[in-house]
Structure formats: C-alpha cells, structure tokens
Amino acid sequence: MEYITVKGVDKPVSKLIMGTAWFDPSFEDEIFAMMDLYVAEGGTTVDCGRFYGIARSEGILKRWLDARGNRRDLVIIDKYCHPIITPDGAHHPEYWRVKPELITDDLHYSLLHTGCDRFDLYLMHRDEPTTPVAAFMDRLEMNREEGLIGAYGVSNWELPRVEEAMDYCRKKGYSGIAVNNPSYSLATVAKPRWPGTVYADDAYARWHKEQDIALFSWASQAHGFFADIYPRDGSAPKDIQEAFFSDGNFERLKRAQELGKQKGVDSINIALAYVLCQPITVAAIVGSRSRKEFDSCLRTLDLKLTLQELTYLSLESDSL
C-alpha cells in the first residue's frame, strides 16, 4: 500500500480508499471479509455517507468497527447533503439537500449511525451554486472547532467554486478545504450519470499540483469502461453509453489495452494508474467486492507511468 498526507488528518491516508456505496445487509459477511482484507493489506481509509447503500452503509460500517475495535486506527470519511435515494436506488434531485443547516443535521445523524465520536474527514456530496460559499464554509469550520470533524472538503464542485471557497477560508483564517472529490479518470464524460455530479478533466486535476489540497477521485476506473465489459451493440446501460461511449474514449481504451499488454497487466490497471500517477496528491476511491478485484487495484500501485505514457493515454501525443 502507498500513502499520502492530507492537511488536518493525523493519520496516513492510503492511496486506495475503500468505498462503501455497494454495501448491502444481504451479504454482510462478505463485506466484513473484504474490509478485513483491505486493512490487512495496509488500507487505512474508508469512505461512507448517509445515503450510501440506500442509507444502510453506515450501519454496516458501525457493526464492523464495533466487531474489530479498530476505529482509532482508521481514517473515516463521511459525506453529507446527498439527494434522497429511495429503496429502489433512484436519486431524487427534486429535493436538493444542499443547505448549510443540513451539514450539521447530517453530521449528527451519521456520527450516531456509524458509532463514531468524530469524522477524520467530512465531505460535501454536492454543491448549490446559488448559495454563497461563506454559508457552507462557516458551518464546516464551526463543526471542526467543535471537534466533530478533523478536516473538511467538497465533492462534485466545479473548479471556480472550489477556488472561491479556498479564497474565503484564507481570508477568514479557517483551516480550509483539505480534499476535493470530483470524479476523475482517463475517460472524458459527455453526460454525468447523476444530477449534480462533476467529472474533472486533466486540466482540473492538474490544478491541484500547486495547491495544498488532495484530490480524491470517485469512479477513477470509469465505472468499468476500461475493463471493456460493455457491449457496443446498443445493449449497454443507457447512462454508460451517454457518459462514456465516444470515439475518443474508445481510442483511450485501445491505448490502455496496448500499454497493458506491454506491461503484463489489464487495461483497467492502466486506467487506474493513469489517475494515481498524476503529479499531484491523489487517492482513488475503489469499491472492490472480492479478493480478485482488490488484488487488481493493489497491482496498480506497482505501475509507475511516465509522462510520455500519460500523454499517450490521454491522446495528447500519438507516440510512446
């Protein structure tokens, strides 16, 4: 395992972060085994949220933490202000839960349901651009000063809003944003899969190089696109086709397969390495559900792509 340092977090953050959106009580034993494996292999960081797993992930995480007694050894990330998800898995953006007062409401709810007395990192799931950043940052800094969170950040914010929030925090003397959490992958995205989600391009990602905040990428493997699991005959899920099916992305997939063949790994490893080898402070949230999937992610850490390989994969160059 490899680690990064994140402002305001007093423990090392593993570059592979275990996501919990896939948690479900029907296979809790398998989840416990996967979490045990993750920790045994050096994983330190878990990403959770009130509405993950259709609002059931936090309870499963609590039961695992209680059973293992290892809360103090881990970096627990929780997220807030997510749109409501109903039991059928549908998102409901018509009730946009991005409000300053709901930051603290969700915080107390999630602390109770995870059994934690504080979160190491607290990240906002979405943005509401009509609300001044001051309202959000004031509330987050208040929760930090109360000792309920160690550090805070945002997810699915456009870059100008991130910059505006950072400027405000500097002027106020706040600890400020420690983590930015858009989706970032080798793919370019034509249409977001869910309302209010933000997919960073290379320019957005590389902006972090000169900043004191880390990039945590969700969907860093482009929802399986670079595993080449989706048929191209029109039968793939509509949202996957609308997001990822483009000539440019299929060329990126072809190049990832080519480079993977040279290095003896799969194209999905190359795609994840593309994110983790960027010259920034970066980590990837993964949702490994089996030993095979997690071993694949671990194998990626051994790949060190050169600048020439990165530009070839991103189509900025046509030669290796």
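Modeller: Happy to! Let's begin with β10 and strand β13 (residues 214-217), which pair in the parallel sense over two bridges; two strands count as paired if DSSP finds at least two bridges between them. Within this pairing, N180 stands opposite L215 in β13. Before going on, please keep in mind that this is a predicted model, where local features need pLDDT of at least 70, side-chain atom pairs count only at pLDDT 80 or more, and totals for chains, interfaces and linings use all residues. Residues are numbered from 1 along each chain as its sequence is written, and side-chain values use heavy atoms, leaving out hydrogens and water.

Helices (H or I, at least four residues) and strands (E, at least two) are DSSP runs, numbered from the N terminus. Strand β10 spans residues 177-181, and five of its five residues are buried (under 20% relative accessible area with a 1.4 Å probe, protein chains only; exposed is over 50%, partly exposed in between). Strand β9 (residues 149-155) also runs parallel to β10, joined to it by four bridges. One of the contacts there has V179 of β10 as the bridge partner of G153. From β9 the chain passes through helix α5 (residues 159-172) to reach β10, a right-handed β-α-β crossover: with the strands pointing away from the viewer, the path from the first strand over the helix to the second runs clockwise.

As for the cysteines, there are zero disulfides, taking a disulfide as a pair of cysteine sulfur atoms within 2.5 Å. C169 is in none, and its nearest cysteine sulfur, that of C81, is 16 Å away. C169 is buried at 2% relative accessibility.
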